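Here's a quick briefing to read with the model open. Have a look at the fold below, then work through the topics one at a time.

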Amino acid sequence: MSEQHDADRGRPTYDVEAIQTKWQKVWAELDPFKARDDDSAERRYLVDMFPYPSGDLHMGNAEAWALGDVIARYWFQQGYDVLHPIGWDSFGLPAENAAIRRNENPVVWTKANIETQAESFRRYAISFDWSTRLHTHDPEYYRWTQWLFLKLYEHGLAYRKQSPVNWCPNDQTVLANEQVVGGKCERCGAEVTKRNLTQWYFRTTAYNQRLLDDMAALEGHWPNRVLTMQRNWIGRSEGAHVDFLIEGRDQPVTVFTTRPDTLFGATFFVIAADAPLAAQVCADEQRETFAAYLEQVRRATEIERLSEGRDKTGVFLGVHTINPVNGERIPVYAADYVLADYGTGAIMAVPAQDQRDWDFAKRFDLPIVRTVRPSEGFDGEAFTGDGPAINSANDEISLDGLPVDEAKRRTIAWLERKGLGRGTINYRLRDWLISRQRYWGPPIPIIHCPSCGEVPVPEDQLPVVLPELKGAEMQPKGVAPLASAVDWVNVSCPRCNEGAKRDTDTMDTFVDSSWYFLRYPTPDDATQPFDVEAVKRWGPVDQYVGGVEHAILHLLYARFVTKALHDMGYLDFVEPFTALMNQGEVINQGKGMSKSLGNGVDLGEQIAAYGVDAVRLTLVFAGPPEEDMDWSDLSPGGSVRFLQRAWRLSGDVTSEPGTDPARGDDALRKATHKVISEATQLLDGQRFNVMVARAMELVNATRKAIDSGPGAADPAVREAAETVAIVLSLVAPYTAEEMWHRLGHAPTVAKAGWPVADPALLVEQTVTAVVQVQGKMRGRLDVPPDISADELEALARLEEKVIRAIGDATIRKVIVRAPKLVNFVVS
């Protein structure tokens, strides 16, 4: 039963738990949100960033999916054929760590958590098409992740090279940057060092400029901050390559600079301590000092090395180089604030124009020469702004007095003429390191043969299925866990049939999530990763919903993969997500929720206390989707009371379904159609919280009409109550469905159809004009909206309060803004 009766009054009461239980069963039978894909209506495709199954859903999940569901349900109401899929990003290190602790295979923990979350999603009433369900850890899925790897490899976009990695000497394993906390292993607390390993990469840098250029189509559809973060991450910069000759080395070392105009101020030269070049050029007498310093540098992460305010460290390498523009002999240092894999791993240091170089110069007592005149009143250290060049001349070129852009052009022209450099474009973006030396991920489908080298696994032999390891078998032992599965590793080469070995790395889980949205339209297709024609029909994703924490890596990788597949002929679009919405963070008591702070809010407990609809309504009503919300400032109890009031409307209506509303109360009809019109605009603008506020206003207006207006039998009351049910179906689906049922309709309200506002009912019969004297309000007039300026002024002059306010003064000027304002200026 969804109604209980008050013993004293005999009236049904709002029973949250009973309503939820009742409609969950009905919806499970109806399966109302299954995409038709039959050309019967325009298609819309909405994807929520799929969850990681680390436990049950939390408050952040609740907000994200409530917001995405508003959009999906709105589209369903508008009659679109909507694809709203669900899947799980189910590979990853947490499952592997849990399995080691539990002495089991990660699939056990993973499947259990997926089922827990799936049940929570059903209870939370998200409008998923459950037939799309996928899990990235299933061989049926990662078979096609391996196919993607092979296609990128075939087109020269996947390759292997040696690179430095974070290494835990205690656990004998590689760590991702996020596993290094304060220079220590998050697993065991050991000091992390660097080690060179041969790793697999995807060549994202092949798409540098296109990743930038194609963002033009995303302007206005993606949050500006996300586009800015991606542009900064790609980091296009125009400048010059400059050649420096280092003592004892025949070949010049080339550095990139965005400010070739400041070359005259380069007073020293810095090489990344962990770049091979540093060891190559180091003088013998400095090798011991350098080796000790290098060991220190290897314990720091890239983030720590680049952090602002970090003390500058370094060692002199015992050699000098020549500044090519002035012939000065300048010292060469190894330092940690330059990264080995950015550019050539070396920089020319211009302390007067770069703060990090300034800090280093001060630390090591190196000369500082200003080459740009600071702005008047500047009293800082390094000046990074624009200004005329100073101290920048040799026998062949003078930049003094030139603005920055012209000084750059002249310097580049001189360098090119002398054969000492050339103009170029550089990018900050580096190729995507996808190798992971851990178990729970998709194996890399490459076989290493002594005779044939790298041999791709033939497509008809995919998937390369993970061997079944558990517990200690996955424990790091100095090599990737898969290396211990000897029977799995040792295979015959597909080309020469001689003995060979499988690659023992697994892929970064970001590879799984870089293409999953292409699989959703045909998740059970055993013949191909995705049906090209189906993806043409549905793609690209119309609306993507998820947190801003994925602004760079996940979104950039998905964009890269989409462009690569487009170029291979599999896709007819180049951007995966037409529109992006980021939700804010749900915090508590002014801080992010965490166990250590003791301020966590359990979603299950909130639902048990207030019901699904009240939690969803509270999250949507709290503010604009992109803003953070503090749960301690919100009132789910207030949401319950509002939903009770809305629900009661449906029981009070006494007119029959199908009653013509045109015979109803005109005032309530106008209020209803005003809400329909405004709610439509607000939803289109993703101002969901204001849409809820309008629904609340309509509930109040309807209650007033029932209690003290035309009464419960008036057709306009039914129209208003049905409108409330449809609008609330976007945020409070259980309550809305129960209202729809009590109003005499069959399920489901989610497909009732979005109401259309009658333009005739939106026309205001009168508007209120304000009359002012000397800018102070002296009266109000209810006037026709099409009143002329002369007519409005005439009426204003007859207002008694206006006449008294003017008195004996002379009217010097009358400002009329029909139909809203008249202002008399007097002297």
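Two strands pair if DSSP finds at least two bridges between them. Strands here are DSSP runs of E with at least two residues, helices are runs of H or I with at least four, and both are numbered from the N terminus. This is a predicted model, so keep the cut-offs in mind: local features need pLDDT of at least 70, side-chain atom pairs count only at pLDDT 80 or more, and totals for chains, interfaces and linings use all residues. Residues are numbered from 1 along each chain as its sequence is written, and side-chain values use heavy atoms, with hydrogens and water left out.

**The four-stranded sheet**
- Going across this open sheet, you meet its four strands in the order S22-S21-S24-S23, with antiparallel pairing.
- Strand S22 (453–456) and strand S23 (490–492) are the edge strands; each has a single partner strand, so one side of each has no neighbour in the sheet.
- On average, neighbouring strands in this sheet are turned by 40° against each other, direction ignored (axes are lines fitted to C-alpha atoms, and angles run from 0 to 180 degrees between N-to-C directions).
- Strand S21 (residues 446–449) pairs with S22 through four bridges in the antiparallel sense.
- Which residue is the bridge partner of His-448 in S22? That's Glu-454.

**Around strand S16**
- Six of the seven residues of S16 (residues 329–335) are buried, so this strand is largely enclosed by the rest of the structure. Buried means under 20% relative accessible area, exposed means over 50%, and partly exposed lies in between (1.4 Å probe, protein chains only).
- Strand S14 (residues 268–272) runs parallel to S16, and four bridges join them; Ala-272 has Ala-335 as its bridge partner in S16.
- Strand S15 (residues 314–322) pairs with S16 in the antiparallel sense over six bridges, and Thr-321 stands opposite Ile-330 of S16.
- S15 and S16 make a hairpin with six residues between them, and Gly-327 in the turn has a positive phi of about 75°.

**Cavities**
- The structure has three cavities of 30 Å³ or more. A cavity is a set of points, on a 1 Å grid over the protein atoms alone, where a 1.4 Å probe fits but cannot get out; lining residues have an atom within 4 Å of a point.
- The second largest cavity comes to about 50 Å³, where a volume is the space filled by probe spheres set on the grid points, which are joined across faces, edges and corners.
- Its lining includes Tyr-14, Val-16, Asp-613 and Tyr-734.
- Helix H1 (16–30), helix H19 (612–621) and helix H24 (733–742) are the elements that give two or more residues to the lining of the second largest cavity.
- That lining divides into seven nonpolar, three polar and one charged residue (Ala, Val, Leu, Ile, Met, Phe, Trp, Tyr, Cys and Pro count as nonpolar, Asp, Glu, Lys and Arg as charged, and the others, Gly among them, as polar).

**Cysteines**
- How many disulfides are there? The count is zero, with a disulfide taken as a pair of cysteine sulfur atoms within 2.5 Å.
- Cys-185 is in no disulfide, and the nearest cysteine sulfur, that of Cys-168, is 3.8 Å away. At 3% relative accessibility, Cys-185 counts as buried.
- Cys-493 is in no disulfide either, with the sulfur of Cys-449 the nearest at 3.7 Å. Cys-493 counts as buried, at 2% relative accessibility.

**The whole chain**
- The chain holds 27 helices and 34 strands.
- Its C-alpha trace spans about 100 × 85 × 50 Å along the principal axes.
- Of the 827 residues in the chain, 54% are buried.

How values were computed: On a 1 Å grid over the protein atoms alone, a cavity is a set of points where a 1.4 Å probe fits but cannot get out, and a pocket is an open set with protein on both sides within 12 Å along at least five of seven lines; lining residues have an atom within 4 Å of a point.
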